[in-house]
Amino acid sequence: MTQNSASKLINGDALHRTKQDKKAGGNGFVKNHCLFQQKRHRRPAEKSHHASCTSLYKKPFVESFEETPLLVAVLTYMGYGILTIFGYLRDFLRDWKFEKCHLAREREEQKDFVPLYQDFENFYTRNLYMRIRDNWNRPICSVPGAKMDLLERVTPDYNWTFEHTGNVLKDVINMGSYNYLGFAENTGTCADAASECTVKYGVGVSSTRQEIGNLDKHEELEILVARFLGVESSMAFGMGFATNSMNIPALTGKGCLILSDELNHASLVLGARLSGSTIRVFKHNNMQSLEKLLRDAIVHGQPRTHRPWKKILILVEGIYSMEGSIVRLPEVIALKKKYKAYLYLDEAHSIGALGPRGRGVVDYFGLDPSDVDIMMGTFTKSFGAAGGYIGGKKELIDYLRLHSHSTVYATSMSPPIIQQIITSMKCIMGEDGSTLGQERLCQLSENTTYFRRRLHEMGFIIYGNNDSPVVPLMLYMPAKIGAFGREMLKRNIGTVVVGFPATPIIESRARFCVSAAHTREMLDKALNAISEVGDLLQLKYSRKNRHGNEGSDSFSFLESHQD
Amino acid sequence: MASGQQWVLVEMVQAFYEAPAYHLILEGILILWIIRLLFSKTYKLQERSDLTEKEKEELIEEWQPEPLVPLVSKDHPSLNYDVVTGFVSAVSGHISEEMNLPPSHKIIVNGKECVNFASFNFLGLLESERVKLKALSSLKKYGVGTCGPRGFYGTFDVHLELEERLAKFMRTEEAIIYSYGFATIASAIPAYSKRGDIIFVDEAACFSIQKGLQASRSFIKYFKHNDMEDLERLLKEQEIEDQKNPRKAKVIRRFIVIEGLYINTADLCPLPELVKLKYKYKVRIFLEESMSFGVLGEHGRGVTEHFGVNIDDIDLISANMENALASIGGFCCGRSFVIDHQRLSGQGYCFSASLPPMLAAAAIEALNIMEEDPGLFRVLRDKCKHVHKALQGTPGLKVVGEPLAPALHLQLENSSGSRTDDLKLLRAIVDYSLDRQIALTLARYLDKEERFLPPPSIRVVVTVEQTQEEIERAAQCIRQAAEKILK
């Protein structure tokens, strides 16, 4: 099994199989002329679906979103109901000074100002988030590698304030950091190169790229990134979030249309808003929904004036960080070509983490990078550094060099950070003369497959694509968010738990990020702990195993096609 | 009452019997007509011409989008950036013992050695050995990246320490750090001000403030640069508006957003008057101090210290750590009641990877240096005054900005009328100076995006490292260039 996943990536399987139980369904409306709708029409079972997409997918595309069991959904809503009622009760008690209020208060001098916050705005924070606040912002005091050290915190007043005891929780297995390739290290070539660079260049720059902050390092990085991505030219920015929010406005404006996936990251949403373009949202990874929007947009033009749109930009992400799903890139590209739209691909989580050569989702599907107009990604995750990039045609990058908000107004990247990226990127490319990078890529995809398979076998509902190193495990109920995080920490495993508003209200989840740095022992230890906590909290919701092993079926199905 | 109604009914029935037949027939027809009108769709809303699939295909075939980006001419003046490198100096005459100096006071621009009059390295901390060592030891402990946002194992003990230190330094309750200077105020404003709220902004506000305003989707009212009367006029207008609808006025938050030292004009804001207006009209003040933090005031606490204004009177202060602190990132500080809100609502804080610990460590060390040696700020002030004075009387150029400001603007006295030509002239001056070992830069703006585009200018930045002699030389050089180029 262990070698399978890696070879699977390389061999490529000419089969396509979707098991989108939930997300793709319920979006019926279809017409005959569309690229991806015919098959739905004359689709008696999933079989014909494979056939029609054979040309687009070179390997199985298995993505699952098991439906929420009804009882669980009802209980979850009840949980929120009870929490809300108690919240009101507590607020009432606080108002009447029966309960001590720990919230910071407005200054006496400004009591008669318009309140800075509306009362209901913070209801959720005060009464729900505060109960389980200890699961977030846990301070760490080591490298965020496969194992990390956490500062122990205690709270004397039910999470309103925290005190550090001075103790350190040593060697907590880190399932939370986006350290996909394990480049978060304080020793080794990357760290050495970064320190050398610090000595040579210092840490700051204190100027912008267009003024006097354009170091030779910046240029070196950009040439390397372009080569890595296989694009003509590239540009690097100091912050991943800002790469999206400050460059999309440079690309589109009034009279342009942005089609955005409903689960896109906040930075893409902000960038789209700042651009002043019209924004329409399509269902998550749902090509029918996207195609319908595209057709309608071109046929009907702009609202009211009915002028044709100046241009249409599709915003998608490579891996969606909360769902663990991978974008259906071959279909998106086919659509984009058919309807002459432009494609903006955010590879924040997928660059380095996907593809046989670590080149992200384009590499994963074996596509041509020049089919994606704007390749965006971050250096924070797989490269263990900070910042973001945009790659594409030379015209695009030249234009951005002049018009990106970041190059004109924001301080340029810190030299040691650049060096970390250069060294780790060269390692992935094998240009450092070792096979270390390739080994890490294999290790990551092996770990991913193993971890996902084991969780699945245990009977958890896990979301997302089988090849995605982001693994969301469904918790559903609000009380289980806190309980899961705490129980895992008791077992010395650091996990991320997320609830509303980062997820739909009933779909609270825990999220694991698999890393190449995780050894099999660590993963086993984590898996055992997850299983134990899963039994304790009754998290093994999946009904697939019980009903004729449908779940593991898909795995054996894959494996049978290996040879 | 009931019997009266019965009586009416009886009368109606009687009238029915008594009515002539033609009358009944007519009424019958009318009733049928009404029913027909109700149930039929004889009228047409508009000519609904549902397109056939073929027509749609043709439309799709026909549509040609604009190119993704307009073509940029290869010789656009700002397409090719100046390339900067560090300085390699031979230590004590031995060529073999070379030492690398970071690009700070001395830099190499496009291969030419220069004295730096362009980076915002006010306190000269870019090449501080102490800062470097601290960053290195942090790198040894934590590695480079944080691999996560603050919420998900991206909070390091160094971040908590830096926040505590910044709060202590600024004498506020709490501070919050961002990983990017530009994103700081741009995230902070929309965390508080929402749709329907009102923000009063100075026309000269910098670009990151403008982006914050745009993201907040609030009503924006611009007042003339540093013109308190104009601001008061707007506030009064709003007061009158409020009286018309007091219920609505009770929920509209209002803010004044200003800069301490304006980056675009090098002017100081009249803070004491602003505070007065704040209490008079009950508006909150957000103050952006990127240019004044670590520059103004006895201890470098910025414009509040400079004017002796109680820092608690300012609701939120934001600054970047990229200028005086010579690191990366930014911070906001103020009372916990205000600042803490950003930990869940500041987009650039929640959704972005946290600041690399080595950069946070560098900022802490820079703060240490600032606290240990307040004399730095006096030196800087003197240098600023010196530069301001030395640049006076340059033919054809006027100095814009306060004598206290560490980043001054040199604008053309007589504009040629075209921005491009003006920029070309100024660029020629910059190039002339570069050839004579003085690194200057044009102040860059996005012409189409700026709300009020500042006039073209050369930016002259003062740092503590510049010697008397270098300043004289720079002033001399600029004068010569101006004489030569502007005639």
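1. Start with the domain: UniProt, in an unreviewed entry, places "domain: Aminotransferase class I/classII large" at residues 170–530 of chain A. UniProt positions follow the numbering used here, feature names are shortened, and annotations may be inferred rather than shown by experiment. The end C-alpha atoms of that span lie 19 Å apart, and the span is 43% helix and 17% strand. Helices (H or I, at least four residues) and strands (E, at least two) are DSSP runs, numbered from the N terminus.

2. Some ground rules before going on. This is a predicted model, in which local features need pLDDT of at least 70 and side-chain atom pairs count only at pLDDT 80 or more, while totals for chains, interfaces and linings use all residues. Residues are numbered from 1 along each chain as its sequence is written, chains are lettered from A and ligands numbered from 1 in the order in which they are written, and side-chain values use heavy atoms, with hydrogens and water left out.

3. Next, have a look at residues 70–89 of chain A, which carry the UniProt annotation "transmembrane region", again from an unreviewed entry. In the model this span is 100% helix and 0% strand, with its end C-alpha atoms 29 Å apart.

4. Now the interface. A:E211, A:I212 and A:Y409 supply 8% of what chain A buries against chain B, more than any other three residues.

5. B:R284 forms a salt bridge with A:E106, the closest N and O atoms being 2.8 Å apart.

6. Finally, chain B has an open sheet of 4 strands in the order β1-β4-β5-β15, with mixed pairing (two strands pair if DSSP finds at least two bridges between them). The edge strands are β1 (84–85) and β15 (438–439) of chain B. Strands β4 (residues 106–109) and β5 (residues 112–116) of chain B pair in the antiparallel sense over 4 bridges, and B:K106 stands opposite B:V115 in β5(B).

Definitions and conventions
Buried area is the accessible area (1.4 Å probe) that two parts lose on being put together, summed over both. A salt bridge is a side-chain nitrogen of Lys or Arg within 4 Å of a carboxyl oxygen of Asp or Glu.
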